[in-house]
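Here is a short briefing on a predicted model.

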Amino acid sequence: MKTDDFINALVVDTEVLPPPSGRKLGGRVALGLIVSLVIFFTFLGVRADFREALADPHVVFKFVFSASMFGALLPLVVLALRPETRLAKLLRWFAPPALVLGCGVVFQLLTSPPSYWLSGMVGRYPNFCVTCIPLLAAAPLAMLLTSLRQGATTQPVLAGALAGALSGSLAAFIYALHCPDDSALFVALWYSLAIGITTLAGAFAGDRLLRW
Amino acid sequence: MKADFDTQTEALGALLLAANAGDAAAYREFLLRLAPLVRGMARRGIRRIGTPAADLEDAVQETLLAIHLKRHTWREDQPIGPWIAAITRYKLIDLARKYGRRKEIELDENFDLATPETEEVALPEHEMSRLLDCVNETQRAIVRSVSIKGVSIREVASLLNMSEGAVRVALHRALKALAEAYRRLDA
């Protein structure tokens, strides 16, 4: 078929989809968040001593870390909607949450005796943490992938991985409402591992779902 | 040169803006001006990844199809050149993958104005025709009628005894299926 002929077919296909936007993506994430919160309150619930625990900076750190991760990654995922975005050039945005994590770890080491370091890092419920965070991330990740499919990312694996990391950080924030392990070393090890799992899941899904 | 480039992409941007608002004549003009630019880029890309030159026109058509299906992702406040270049590069990577070449294709972020090619390379049987075998009979008939024969949607509708809406939906599905088939095609 000649290209000029082919153009005839494109011209008569007049269906133009609405442009993707950060706002729409945000709306979808909020929907995913609601699903995760329902799961959270049905099966986990907020820790009993939540009010008192908030006075402990180590507890607050869990929220600060996951929120900083979420805040750093959300703009990247929105940018991934567009084909001309080079995501690899933007990975320096991982630096702020990494810095927050580093500060938290140093703070933990300074505020607790060395004898507590290992037990704090292993914590009481590491398996539970690494299971719950990916489960709580599933709905937001699905919503993010839906949004990204309506965009046109030219880096499907990387975009999927970022969506996975973003939903993982959102899930980590929710899980922190329940999590009784308060050492920053626990967060550095198990939260990171859990977010790593959601990142891998996102990369895998991106490879399958985000090509066009 | 730079000024030429800016004028040219600005004109493309204005055309696509009008096209996305429903101006079919502007859209045709956009695609007709776009094809030589894409062809020039695709030629350089194909040379770099070392696939047969016979793939050129298929790569051009696949890129036009991809741009068509994703034309809503261009933001009018952004320059259109990098947007077009990114999609062209993406489709060339598909082509490279088909031949098992995974190396990163280094293409300029913008067009090189020295290389637009208006001449289409005539080949006996293009892949696009082969791909048409992947869509169902009605879809194939619609695509052939509106492209090669240049028949209007209304005429196709009465010819196939379908509503115009149904023809439009079938055409859109056929184009999406073609893009999908090309992506999955092996060399």
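Leu171(B) touches residues of both chains: Val12(A) and Asp13(A), plus Ile142(B), Val143(B) and Val146(B), leaving aside residues up to four places away in sequence. Leu171(B) is also among the residues with the most contacts inside the largest nonpolar core.

**Nonpolar cores**
- The largest nonpolar core holds 57 residues.
- Leu31(B), Leu34(B) and Leu64(B) join Leu171(B) as the residues with the most contacts inside this core.
- Chain A has helix 1 (3-12) among the elements that give two or more residues to this core.
- From chain B, the elements giving two or more are helix 1 (2-20), helix 2 (24-49), helix 3 (56-69), helix 4, helix 5 (127-131), helix 6 (137-147) and helix 8 (164-184).
- Domain 1 (1-119) and domain 2 (124-187) of chain B both contribute residues, so this core lies between them.

**Domains of chain B**
- Chain B is divided into domain 1 (1-119) and domain 2 (124-187).
- Between these domains, 11 residues of domain 1 are in contact with 12 residues of domain 2.
- On the side of domain 1 that touches domain 2, helix 3 and helix 4 of chain B each supply at least two residues.
- Helix 3 of chain B gives the most to that side, with 8 residues.
- By class, that side of domain 1 has 4 nonpolar, 2 polar and 5 charged residues.

**Helix 4 of chain B**
- Helix 4 (residues 80-98) has 19 residues, which should span 27 Å at 1.5 Å a residue. Its end C-alpha atoms are 28 Å apart, which agrees.
- Of its 19 residues, 14 are buried, so helix 4 of chain B is largely enclosed by the rest of the structure.
- Gly100(B) follows helix 4 of chain B and has a positive phi, near 75 degrees.

**Chain A and its interface**
- Chain A has 9 helices and 0 strands.
- The C-alpha trace of chain A spans about 75 × 35 × 25 Å along its principal axes.
- Of the 212 residues in chain A, 48% are buried.
- Among contacts in chain A between residues at least 6 apart in sequence, 89% join residues at least 24 apart.
- Across the interface, 28 residues of chain A are in contact with 38 residues of chain B.
- The side of chain A that touches chain B comprises 16 nonpolar, 5 polar and 7 charged residues.

Conventions: Residues are numbered from 1 along each chain as its sequence is written. Chains are lettered from A and ligands numbered from 1 in the order in which they are written. This is a predicted model: local features need pLDDT of at least 70, side-chain atom pairs count only at pLDDT 80 or more; totals for chains, interfaces and linings use all residues. Helices (H or I, at least four residues) and strands (E, at least two) are DSSP runs, numbered from the N terminus. A residue is buried if 20 or more other C-beta atoms lie within 10 Å of its own, exposed if 12 or fewer, and partly exposed in between; C-beta atoms are placed from the backbone. Two residues are in contact if their C-beta atoms, placed from the backbone, lie within 7 Å. Ala, Val, Leu, Ile, Met, Phe, Trp, Tyr, Cys and Pro count as nonpolar, Asp, Glu, Lys and Arg as charged, and the others, Gly among them, as polar. The expected span of a helix is 1.5 Å times one less than its number of residues. A nonpolar core is a set of buried Ala, Val, Leu, Ile, Met, Phe, Trp, Tyr and Cys residues joined through C-beta atoms within 7 Å. Domain bounds come from an automatic or database domain assignment.
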